[in-house]
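Please open your viewer and get ready to select residues by number. We will go from stop to stop together.

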Amino acid sequence: MGKTIVVYGSSTGTCEAIAEKIAEKVGAKAINVTDLDTAVLAENDNLLIGTSTWGAGELQDDWYDGVDLLKGADLAGKVVAVYGCGDSASYSDTFCSAMKELYDAAKAGGATLVGEVGTEGYTFDDSDAVVDNKFVGLALDDINEDDQTDSRIDAWLGQIKDSLK
């Protein structure tokens, strides 16, 4: 497998902890999006990018410059998988919606996107991150469904491993 980096934006530490868990499982390093730059993009073949969702579906604050970086970068030949954290009980109508912004930014940069996850087994009302009955990446609710976090991460990593360069 080529060089992989796990990038996160986290305000409360939940998404950071998940990023570190994912990084450990794939043998990669986890970095805050504030440390993401063109050099990091250039030296990695695979980007696993994650965010928490805030308010009415907003991206985590640290990601705004990161999204601009992804959109403006030449990500052709890079494999990107998106993951996100949300609260399906309190924010059931915007659950993990911010993942869609990361997905769109990576797509705009020309990346190959992998890791869509079916909505079966999730309890939520709506999400911008659902396209054709699938999340654009791994959706996690570590607040209300923390008992499913590890198995969902393992299933997702099993699904994307053959796609990683």
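The stops below cover the core, the cysteines, a pair of helices and some loops.

Before you click, note that this is a predicted model, where local features need pLDDT of at least 70, side-chain atom pairs count only at pLDDT 80 or more, and totals for chains, interfaces and linings use all residues. Residues are numbered from 1 along each chain as its sequence is written, and side-chain values use heavy atoms, with hydrogens and water left out.

**Stop 1: the core.** Select Ile22, Leu36, Leu48, Ile49, Trp63, Tyr83 and Trp156. In the largest nonpolar core, which has 56 residues, these touch the most other members. A nonpolar core is a set of buried Ala, Val, Leu, Ile, Met, Phe, Trp, Tyr and Cys residues joined through side-chain atoms within 4.5 Å. Buried means under 20% relative accessible area, exposed over 50%, and partly exposed in between, using a 1.4 Å probe and protein chains only.

Leaving aside residues up to four places away in sequence, Ile22 touches Val6, Leu48, Tyr83, Ile153, Trp156 and Leu157; a contact means heavy atoms within 4.5 Å.

**Stop 2: the cysteines.** A disulfide is a pair of cysteine sulfur atoms within 2.5 Å, and by this rule the count is 0. Select Cys85 and Cys15: Cys85 is in no disulfide, and its nearest cysteine sulfur, in Cys15, is 3.7 Å away. Cys85 is buried, at 6% relative accessible area.

**Stop 3: two helices.** Select residues 63–72 (helix H3) and 99–108 (helix H4), which pack at an angle of about 25° with axes 7 Å apart. The axes are lines fitted to C-alpha atoms, for helices over the stretch in contact, and angles run from 0 to 180 degrees between N-to-C directions. H3 is therefore roughly parallel to H4, a label for angles under 35 degrees. Helices (H or I, at least four residues) and strands (E, at least two) are DSSP runs numbered from the N terminus. Where they meet, Trp63, Tyr64, Val67, Leu70 and Lys71 of H3 face Glu101, Leu102, Ala105, Ala106 and Ala108 of H4.

**Stop 4: the loops.** Which loop holds Asp132? Asp132 sits between strand S8 (130–131) and strand S9 (134–135), and Asn133 lies in the loop between S8 and S9. Asp132 has a positive phi of about 55° although it is not a glycine; for Asn133 the positive phi is about 65°. Asp132 is exposed at 71% relative accessibility, and Asn133 is exposed at 62%.

Methods. Angles under 35 degrees count as roughly parallel, over 145 as roughly antiparallel, 65 to 115 as roughly perpendicular and the rest as oblique.
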